[in-house]
Amino acid sequence: MSTADKIFLQNCKDILENGVSDEGQAVRPRWTDGTPAHTLRVFGMVNSYDLSEEFPALTLRRLSFKNCIDEILWIWQKKSNKVDELKSKIWDAWADENGTIGKAYGYQLGQKHQYPEGEFDQVDRVLYDLQHNQSSRRIITSMYNHQDLHAMSLYPCAYSMTFNVTEGKLNAILNQRSQDFLTANNWNVCQYAILVHMFAVTSGLRAGTLLHVIADAHIYDRHIPAVKDLITREPRNAPTLRINKDVKNFYDFTPDDFTLEDYKPHKFTHEIEVAV
């Protein structure tokens, strides 16, 4: 039985039973018809996934696995902010007149910074430290740059990673300021699980623990019926992640280098509207 499913179910029940409604308050997000998108929300959710035991894809509903990987590569490998370089259309609603999301996400990771060892962007600095400074407590990335927030179409949600190497295992903390739980929770978890695997494989390490910290975990009002349907379902066995072992360079990975074996999720027919 999938541990990721168990965690997801516990979190959904917590939000539904203990979440605080922002109904009646002024909120930024809107539905496509212009209606304010209200939520039930909890503060300070922390989940732990042992990536050495299983890959955390939900079986309660299907994960769009290849698109999930394509987006994380768009941000961390291509370091792009151009929506036409992404296969899915999930960022189209935030695109500006130039077809970008502004100085957000991949743009921030691609900016060069000066270090004692030389000039690196944030991703290359992680790769360098995993090769040369595995005992470091400073292997950190952040996309929440206050100087550039005014030039971002959307402030980064999953904004910071902290990496740790212990006994040959690569562990990581993902910090997220806000999460649309139905739409994005498992998507983000699986993306950053893949990222940990990528860094581990190309650094001669094994994937360890992914700790996911969410400041504001919420379920939108129009998503509640779908969530109530999901929590009636019985979790199935977790799939097995297979990675192309011939890839040795972080920048050579493609979505086709990752497959899920024995993935048998429940069917999910609810339309999920995204609040913008």
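Colleague: Hi! How do strand E2 and E8 pair, and over how many bridges?

Modeller: Strand E2 (residues 39-50) pairs with E8 in the antiparallel sense, over eleven bridges. Strands here are DSSP runs of E with at least two residues, helices are runs of H or I with at least four, and both are numbered from the N terminus. Two strands pair if DSSP finds at least two bridges between them. This is a predicted model, where local features need pLDDT of at least 70, side-chain atom pairs count only at pLDDT 80 or more, and totals for chains, interfaces and linings use all residues. Residues are numbered from 1 along each chain as its sequence is written, and side-chain values use heavy atoms, leaving out hydrogens and water.

Colleague: Nice. What is the bridge partner of Val-42 in E8?

Modeller: Val-42 has Ala-217 as its bridge partner in E8. For Phe-43, the partner in E8 is Asp-216.

Colleague: And what packs on the sheet, touching E1, E2 and E8?

Modeller: That's helix H1 (residues 3-18), and its direction makes about 160° with that of E2. Contact means heavy atoms within 4.5 Å. Axes are lines fitted to C-alpha atoms, for helices over the stretch in contact, with angles from 0 to 180 degrees between N-to-C directions.

Colleague: In what order do the strands of the open sheet run?

Modeller: The order is E1-E2-E8-E7-E6-E5, six strands with mixed pairing. Strand E1 (20-21) and strand E5 (140-142) are at the edges with a single partner strand each, so one side of each has no neighbour in the sheet.

Colleague: In which sense do E7 and E8 pair?

Modeller: Parallel, over ten bridges. Asn-175 stands opposite Val-213 in E8.

Colleague: Changing topic: how many residues line the second largest pocket?

Modeller: There are 19, with His-197, Val-201, Ala-207, Leu-241 and Ile-243 nearest its centre. Helix H5 (181-201), strand E8 (206-220) and strand E9 (240-243) are the elements that give two or more residues to this lining. A pocket is an open set of points on a 1 Å grid over the protein atoms alone, where a 1.4 Å probe fits, with protein on both sides within 12 Å along at least five of seven lines; lining residues have an atom within 4 Å of a point.

Colleague: Thanks! How many helices and strands does the protein chain have?

Modeller: Six helices and ten strands.
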